[in-house]
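Biologist: I am new to this structure. Could you show me how to read it, one feature at a time?

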Amino acid sequence: MSAEAVINEGAHRDIGMGEQDGAARSAARPAALPCLNSNNYPTSPYRIRKTAVTYQGKPGDAAEVTSRAMSEGSGLDRDGRQWIVGKDGVTWEQAGGRLSMAEAKRAFALRANLQSLFAHYGRERCAFFTLSPLPGTEPKELAAKFNDARKRNFGWMLSYVRVLEPRRDGTAHHHYAVATDFDMKPDAFDWAAFKVCQAQAPRHGNPPGPQFAEMRRRYSSSATPELRACWKENKAVSQAYGLGRVEMLPIRTCAVAMGHYVGKYLASGTSYRNAKWKGTRRVEYDRKESLLWKSCGSAFGFVSDGSREWRKRVDEMAMAACVERDDIVGFRRTFGRTWAYDMRPTIMVTPPEEWREYLSYLVDVYDGTMPPVR
């Protein structure tokens with residue numbers, strides 16, 4: 001990208017508009033109706049395209065890479081990831097399983113908060129809790145059933161973290177890390193018998209193994225009376241509210257195992273997309289008790305070479321355009337409402353020499369200060 005192209009791009013699309021032109025653009029654009037927000041409207045499809053442009057490397061050295069869809073039955077998202085349409089025509093599966101930056105950020109926050117949950121309540125009072133409903137149960141339907149059930153039941157559940165795992169057939173599964181009001185004594189639990197029981201459990205129409213009944217009796221008898229009471233209650237609540245199969249187990253080792261167990265379902269769930277899932281929460285925390293232990297929110301940024309360089313260049317833009325670096329309204333007024341999205345190619349790819357020319361243009365237009373040479 002030449003310096004002239006950079007300047008023309010900034011002049012005609014990003015910066016040469018001014019406050020009056022910006023107001024005119026806003027007035028000309030009709031206001032979006034809240035009920036038709038693409039994140040909440042369930043029939044809104046995901047944006048899948050045939051080509052996508054991504055940038056690899058840090059700003060100044062980044063290279064523009066154009067990817068193309070593999071075939072007619074596939075598409076690309078904005079990050080250049082390949083998606084293959086399923087036989088039903090509405091479910092998409094990612095080829096490669098690569099996380100986007102937003103998904104990686106959500107996974108990081110999830111693992112940090114799971115460690116906080118573990119530290120606050122202790123290993124003895126934390127457990128895994130899983131809901132496996134009947135095939136065809138959609139995410140919003142399962143979440144509504146669980147919320148109804150918890151209003152009147154699950155009194156032992158002090159707090160929870162919930163992760164949605166959509167399956168290929170569209171069925172939603174919920175995986176929880178929960179905190180209980182009693183000690184489950186995980187070291188006294190017969191984990192060896194439980195492992196054998198799981199291996200010999202009846203699945204896919206096959207009969208149970210010869211040791212299944214004995215191993216189930218052994219690990220059940222090793223559980224605390226409170227845990228066995230929870231199993232009994234969970235089964236009754238599941239039948240009453242249609243939650244499907246319910247499993248609850250204490251934590252065998254540590255918080256790292258809890259984060260790995262719950263986090264892997266978040267990663268696997270991001271590999272599938274369906275228009276019916278749009279607007280559903282992939283990760284959710286209880287609204288009250290989590291305030292006591294939750295350590296990581298969503299308002300943070302990753303620290304990397306690329307992010308550091310991005311921030312430096314944005315600071316230089318602010319100095320050159322006479323805008324305070326933390327003045328979000330000023331940035332939108334000067335560079336446009338969607339400046340970060342529109343100017344990403346300019347900020348990410350422009351070589352250092354041409355970037356200096358771009359800054360000098362901003363100084364001339366907005367009477368700012370030329371940043372020092374780095």
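Modeller: This is a predicted model. We can begin with a pair of helices: the axes of helix α10 (residues 305–320) and helix α14 (residues 352–366) cross at roughly 30° and come within 8 Å.

Biologist: How is α10 oriented relative to α14?

Modeller: Angles under 35 degrees count as roughly parallel, so α10 is roughly parallel to α14.

Biologist: Which residues of α10 and α14 meet?

Modeller: From α10 there are Arg313, Glu316, Met317 and Ala320. On the α14 side they meet Pro352, Trp355, Leu359, Leu362, Val363 and Tyr366.

Biologist: How do I read the faces of a single helix?

Modeller: An α-helix has 3.6 residues a turn, so residues three or four places apart point the same way. Take helix α11 (residues 328–335), whose buried residues are Gly330, Phe331, Thr334 and Phe335. Seen down the axis of α11, these buried residues fall within an arc of 100°, so they line one face of the helix.

Biologist: Which exposed residues does the face of α11 turned away from its buried side carry?

Modeller: That face carries Ile328 and Val329. After α11 comes glycine 336, with a positive phi near 110°.

Biologist: Now the strands. What holds them together in a sheet?

Modeller: Strands of a sheet pair through backbone hydrogen bonds, and the pairing is either parallel or antiparallel.

Biologist: How many bridges pair β3 with β4?

Modeller: Three bridges pair β3 with strand β4 (residues 82–85), in the antiparallel sense. As an example of facing residues, serine 74 stands opposite isoleucine 84 in β4.

Biologist: What do β1 and β2 form?

Modeller: They form a hairpin, with six residues between the two strands. Strand β1 (residues 51–56) and strand β2 (residues 63–68) run antiparallel and are joined by six bridges. Threonine 54 has valine 65 in β2 as its bridge partner. In the turn, glycine 57 has a positive phi of about 110°.

Biologist: How many residues of strand β6 are buried?

Modeller: For strand β6 (residues 126–132) the count is seven of the seven, so the strand is largely enclosed by the rest of the structure. Both of its faces are covered.

Biologist: Which strands pair with β6?

Modeller: Strand β8 (residues 172–180) pairs with β6 over six bridges, in the antiparallel sense. Strand β9 (residues 245–250) also pairs antiparallel with β6 over six bridges. In β8, tyrosine 176 is the bridge partner of phenylalanine 129, while leucine 249 in β9 stands opposite phenylalanine 128.

Biologist: Finally, what do the totals for the protein say?

Modeller: The protein has 14 helices and 11 strands. Of its 374 residues, 43% are buried. Among contacts with a separation of 6 or more, 68% involve residues 24 or more positions apart. The protein exposes about 20,600 Å², and carbon and sulfur atoms supply 53% of that area.

Terms used: Residues are numbered from 1 along each chain as its sequence is written. This is a predicted model: local features need pLDDT of at least 70, side-chain atom pairs count only at pLDDT 80 or more; totals for chains, interfaces and linings use all residues. Side-chain values use heavy atoms; hydrogens and water are left out. Helices (H or I, at least four residues) and strands (E, at least two) are DSSP runs, numbered from the N terminus. Buried means under 20% relative accessible area, exposed over 50%, partly exposed in between (1.4 Å probe, protein chains only). Contact means heavy atoms within 4.5 Å. Accessible areas come from the Shrake-Rupley method with a 1.4 Å probe; for residues, only the protein chains shown count as cover. Two strands pair if DSSP finds at least two bridges between them. The arc is that of the directions from the helix axis to the C-beta atoms. Axes are lines fitted to C-alpha atoms, for helices over the stretch in contact, and angles run from 0 to 180 degrees between N-to-C directions. Angles under 35 degrees count as roughly parallel, over 145 as roughly antiparallel, 65 to 115 as roughly perpendicular and the rest as oblique.
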